[in-house]
Amino acid sequence: AGITYLISIRSEAKKLNSYKSGLRAEIDLCKMMAEEYNKEGAPQAPSWRMPTHAWANAYPELLSMGVVTQEQVTALNGVYIEINAFNLGLDQINDARAMERGSGNVMQEEANRNKLKASNIISKYQKASEALSSIK
(Lines give C-alpha, C1' and ligand atoms only; values in the text may rest on other atoms or scores of the structure.)
Protein backbone atom coordinates (compact mmCIF):
# COMPACT_ATOMS: atom_id res chain seq x y z
CA ALA A 1 0.00 0.00 0.00
CA GLY A 2 2.91 2.36 0.76
CA ILE A 3 4.41 2.02 -2.72
CA THR A 4 1.03 2.63 -4.35
CA TYR A 5 0.59 5.76 -2.26
CA LEU A 6 4.02 7.09 -3.25
CA ILE A 7 3.35 6.39 -6.91
CA SER A 8 0.03 8.20 -6.60
CA ILE A 9 1.68 11.24 -4.99
CA ARG A 10 4.36 11.32 -7.67
CA SER A 11 1.74 11.04 -10.40
CA GLU A 12 -0.23 13.97 -8.94
CA ALA A 13 2.96 16.05 -8.71
CA LYS A 14 3.73 15.32 -12.37
CA LYS A 15 0.20 16.34 -13.37
CA LEU A 16 0.48 19.53 -11.36
CA ASN A 17 3.80 20.44 -12.97
CA SER A 18 2.41 19.63 -16.41
CA TYR A 19 -0.65 21.84 -15.90
CA LYS A 20 1.47 24.70 -14.59
CA SER A 21 3.93 24.34 -17.49
CA GLY A 22 1.13 24.41 -20.03
CA LEU A 23 -0.41 27.51 -18.51
CA ARG A 24 2.97 29.22 -18.18
CA ALA A 25 3.86 28.52 -21.82
CA GLU A 26 0.49 29.86 -22.90
CA ILE A 27 0.62 33.12 -20.93
CA ASP A 28 4.25 33.65 -22.00
CA LEU A 29 3.20 33.31 -25.64
CA CYS A 30 0.19 35.59 -25.13
CA LYS A 31 2.38 38.26 -23.56
CA MET A 32 4.78 38.04 -26.50
CA MET A 33 1.88 38.29 -28.96
CA ALA A 34 0.47 41.30 -27.09
CA GLU A 35 3.85 43.04 -27.27
CA GLU A 36 4.04 42.34 -31.01
CA TYR A 37 0.51 43.62 -31.55
CA ASN A 38 1.33 46.89 -29.80
CA LYS A 39 4.39 47.58 -31.97
CA GLU A 40 4.18 50.46 -34.39
CA GLY A 41 3.01 49.26 -37.81
CA ALA A 42 1.78 45.86 -36.60
CA PRO A 43 -1.31 44.51 -38.41
CA GLN A 44 -4.54 45.63 -36.77
CA ALA A 45 -6.36 42.41 -37.63
CA PRO A 46 -3.86 39.57 -37.77
CA SER A 47 -5.14 36.12 -38.71
CA TRP A 48 -3.85 34.60 -35.47
CA ARG A 49 -5.61 34.46 -32.13
CA MET A 50 -4.04 34.11 -28.71
CA PRO A 51 -4.10 30.50 -27.56
CA THR A 52 -6.40 29.38 -24.76
CA HIS A 53 -5.97 25.60 -24.99
CA ALA A 54 -4.18 25.23 -21.64
CA TRP A 55 -6.73 27.54 -20.06
CA ALA A 56 -9.57 25.35 -21.32
CA ASN A 57 -7.90 22.07 -20.31
CA ALA A 58 -5.29 22.50 -17.57
CA TYR A 59 -6.91 25.28 -15.56
CA PRO A 60 -10.06 23.30 -14.64
CA GLU A 61 -7.79 20.43 -13.55
CA LEU A 62 -5.83 22.75 -11.26
CA LEU A 63 -9.08 23.95 -9.74
CA SER A 64 -10.30 20.40 -9.20
CA MET A 65 -7.00 19.44 -7.54
CA GLY A 66 -7.67 22.08 -4.89
CA VAL A 67 -4.15 23.51 -5.11
CA VAL A 68 -4.94 27.12 -6.02
CA THR A 69 -5.80 29.96 -3.68
CA GLN A 70 -8.37 32.67 -4.30
CA GLU A 71 -5.54 35.13 -4.99
CA GLN A 72 -4.00 32.80 -7.58
CA VAL A 73 -7.38 32.26 -9.25
CA THR A 74 -7.96 36.01 -9.37
CA ALA A 75 -4.55 36.63 -11.00
CA LEU A 76 -5.00 33.88 -13.59
CA ASN A 77 -8.58 34.87 -14.35
CA GLY A 78 -7.46 38.48 -14.79
CA VAL A 79 -5.03 37.72 -17.58
CA TYR A 80 -7.31 35.23 -19.31
CA ILE A 81 -10.28 37.61 -19.27
CA GLU A 82 -8.08 40.06 -21.19
CA ILE A 83 -6.86 37.34 -23.58
CA ASN A 84 -10.44 36.33 -24.41
CA ALA A 85 -11.46 39.97 -24.82
CA PHE A 86 -8.50 40.54 -27.13
CA ASN A 87 -9.46 37.57 -29.29
CA LEU A 88 -13.05 38.81 -29.44
CA GLY A 89 -11.76 42.24 -30.46
CA LEU A 90 -9.84 40.70 -33.37
CA ASP A 91 -13.03 38.97 -34.48
CA GLN A 92 -14.90 42.28 -34.29
CA ILE A 93 -12.26 43.99 -36.43
CA ASN A 94 -12.56 41.25 -39.03
CA ASP A 95 -16.38 41.48 -38.91
CA ALA A 96 -16.22 45.25 -39.45
CA ARG A 97 -13.87 44.77 -42.38
CA ALA A 98 -16.10 42.08 -43.89
CA MET A 99 -19.19 44.26 -43.56
CA GLU A 100 -17.29 47.32 -44.83
CA ARG A 101 -18.99 49.52 -42.29
CA GLY A 102 -17.98 53.13 -42.45
CA SER A 103 -14.69 54.36 -43.79
CA GLY A 104 -12.50 52.28 -41.57
CA ASN A 105 -13.43 54.20 -38.41
CA VAL A 106 -15.04 51.14 -36.85
CA MET A 107 -11.97 49.06 -37.59
CA GLN A 108 -9.70 51.73 -36.12
CA GLU A 109 -11.82 52.06 -32.99
CA GLU A 110 -11.72 48.29 -32.46
CA ALA A 111 -7.97 48.21 -33.13
CA ASN A 112 -7.44 50.97 -30.56
CA ARG A 113 -9.49 49.03 -28.01
CA ASN A 114 -7.45 45.93 -28.76
CA LYS A 115 -4.19 47.81 -28.20
CA LEU A 116 -5.53 48.66 -24.72
CA LYS A 117 -6.45 45.00 -24.15
CA ALA A 118 -2.96 43.95 -25.27
CA SER A 119 -1.47 46.43 -22.78
CA ASN A 120 -3.70 44.98 -20.06
CA ILE A 121 -2.44 41.47 -20.85
CA ILE A 122 1.14 42.70 -20.54
CA SER A 123 0.43 44.45 -17.24
CA LYS A 124 -1.45 41.49 -15.74
CA TYR A 125 1.15 38.97 -16.92
CA GLN A 126 3.44 39.41 -13.90
CA LYS A 127 0.72 38.64 -11.34
CA ALA A 128 -0.40 35.59 -13.31
CA SER A 129 3.17 34.39 -13.67
CA GLU A 130 3.79 34.82 -9.94
CA ALA A 131 0.54 32.99 -9.20
CA LEU A 132 1.66 30.02 -11.29
CA SER A 133 5.03 29.98 -9.58
CA SER A 134 3.44 29.96 -6.14
CA ILE A 135 1.12 27.00 -6.78
CA LYS A 136 2.40 24.05 -4.77
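Helices here are DSSP runs of at least four residues, numbered from the N terminus. Glu 82 has its place in one of them, helix H3. The model is predicted.

Helix H3 covers residues 70–99, and Ile 93 lies in it. Buried means under 20% relative accessible area. Glu 82 has 12%, so Glu 82 is buried. Ile 93 has 0%, so Ile 93 is buried as well.

| Residue | Relative accessible area |
|---|---|
| Glu 82 | 12% |
| Ile 93 | 0% |

**Contacts of Glu 82**

Leaving out residues up to four places away in sequence, Glu 82 touches Lys 117, Asn 120, Ile 121 and Lys 124. With Lys 124 there is a side-chain polar contact of 3.2 Å.

**Contacts of Ile 93**

With the sequence neighbours up to four places away again left out, Ile 93 touches Tyr 37, Gln 44, Ala 45, Met 107, Glu 110, Ala 111 and Asn 114. Ala 56 is 37 residues from Ile 93 in sequence. In space the two C-alpha atoms are 24 Å apart.

**Helix H1**

Helix H1 runs over residues 2–37 and has 36 residues. From first C-alpha to last, H1 reaches 52 Å, close to the 52 Å expected at 1.5 Å a residue. Its buried residues include Leu 16, Leu 23, Ile 27, Cys 30 and Tyr 37. What covers the buried residues of H1? The cover includes helix H2 (53–65), H3 and helix H4 (105–134).

Conventions. Residues numbered from 1 in each chain as written. Predicted model: local features only at pLDDT ≥ 70, side-chain atom pairs only at ≥ 80, totals over all residues. Heavy atoms only, no water. Helix = DSSP H or I, 4+ residues; strand = E, 2+ residues; numbered from the N terminus. Buried < 20%, exposed > 50% of the residue type's maximum accessible area, 1.4 Å probe, protein only. Contact = heavy atoms within 4.5 Å. Expected span 1.5 Å × (residues − 1). Polar contact = N/O pair within 3.5 Å; in protein donor to acceptor, adjacent residues only side chain to side chain.
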